[in-house]
Structure formats: C-alpha cells, structure tokens
Amino acid sequence: MAAILISGGTKMEILKIDHLGIAVNSIDDGKNFWSDVLGLEFEGAETVDAQKVTTAFFPVGESEVELLESTSPDGPVAKFIEKKGTGFQHVAFRVANIEEALAELKEKGIQLIDQEPRIGAGGAKIAFLHPKATGGVLVELCQRD
Ligand code: ZN
C-alpha cells in the first residue's frame, strides 16, 4: 500500500480508504453479522438501477463497509458472486479529483473499467480500475463533494 501512496511520480491525491465493498446474497442476511454482531450502524439501503445493485453502508470510523446485493442475475455483482462467491469485492479510495486521477492512470497505461466517472450510491462520482491492472484487486476511485 505504501508504494501506491508514496511513489515519486504520482500527482493524484488519495485521501483515505473510503469504503470496502462486500458482495452478499442478501443485505438483510448481511446485516445480521455487520450490524447485529459487530454493532455497526446501518445507514439504510439504496438501489443504483444502472448498476443493478442495492447497496447498504455501515460507517466504521473514517471509512465504511458497503454491502452489495445484486438486483438482477445479469448484474456485475451477481456475476462476481457466480465466479468468486460472496465476500470481499472491492476497495474504494477517496480521491481529491477523480477526473485528474483517471487522466493520470490512463497516461500510465492502467486499464480502466470506467473511462469517465459515473454517479454511484450517495451521489458520489466513481470509477473502477480493471483488476488485471492492479494484481487482482478491483479498485474503485470515488470523489464526494
Ligand atoms: Zn464501492
């Protein structure tokens, strides 16, 4: 992680780990552990139709846990679960300026899933990097104003 944050030729400003995304079959079931057992506060669920997903956020200090439940068998989260099972799905870094960060990554030849930012849960601007470019981890950048 230090290598990513402190490498010399990096202009983008990563502010913190915004959230960890966890793929679940059911947010209601997921709440049993994350909320009832661990005591994290459930902030409510939101469906993002364009991504065929319902998300639920649980704040943890400066970051959050995001549970992701697919709303359709052909959605990206359903496909992820089909391939890899439920569990850890992506890490999201909050950046100061997502357009600048994407431009810099393109310049460095990093394969992106989203060429341009789109609007995710909570109105954040988000974009995913391809796991092939990150050593197998799905990485999301997000900017919240
Ligand atoms: Zn996310």
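Reader: Which elements have the lowest and the highest mean pLDDT?

Author: The general idea goes like this: where pLDDT is low, predicted coordinates should not be read in detail. Here, helix α1 (residues 2-6) has the lowest mean among the elements, 52, while strand β5 (residues 87-95) has the highest, 98.

Reader: Okay, on to the fold. How many helices and strands does the chain have?

Author: Count the elements, then look at their order. The chain has 4 helices and 8 strands, and from the N terminus they run α-β-α-β-β-β-α-β-α-β-β-β. The radius of gyration is 15 Å, close to the 15 Å that the globule rule gives for 145 residues, so the chain is as compact as a globular protein of that length. Along its principal axes, the C-alpha trace spans about 45 × 35 × 25 Å.

Reader: And what percentage of the residues is buried?

Author: Take "buried" as under 20% relative accessible area. By that cut-off, 41% of the 145 residues are buried. As for contacts with a separation of 6 or more, 53% come from residues 24 or more positions apart.

Reader: What about the surface and the charges?

Author: The accessible surface comes to about 8,100 Å², and carbon and sulfur atoms hold 53% of that. For charge, compare mean positions: those of the 14 positive and 23 negative charges lie 7 Å apart.

Key: Residues are numbered from 1 along each chain as its sequence is written. This is a predicted model: local features need pLDDT of at least 70, side-chain atom pairs count only at pLDDT 80 or more; totals for chains, interfaces and linings use all residues. Side-chain values use heavy atoms; hydrogens and water are left out. Helices (H or I, at least four residues) and strands (E, at least two) are DSSP runs, numbered from the N terminus. The radius of gyration is taken over C-alpha atoms; the globule rule is 2.2 Å times the number of residues to the power 0.38. Buried means under 20% relative accessible area, exposed over 50%, partly exposed in between (1.4 Å probe, protein chains only). Contact means heavy atoms within 4.5 Å. Accessible areas come from the Shrake-Rupley method with a 1.4 Å probe; for residues, only the protein chains shown count as cover. Lys and Arg count as positive and Asp and Glu as negative; His and the chain ends are not counted. The place of a charge is taken as NZ of Lys, CZ of Arg, CG of Asp or CD of Glu. pLDDT is the predictor's confidence in each residue, from 0 to 100.
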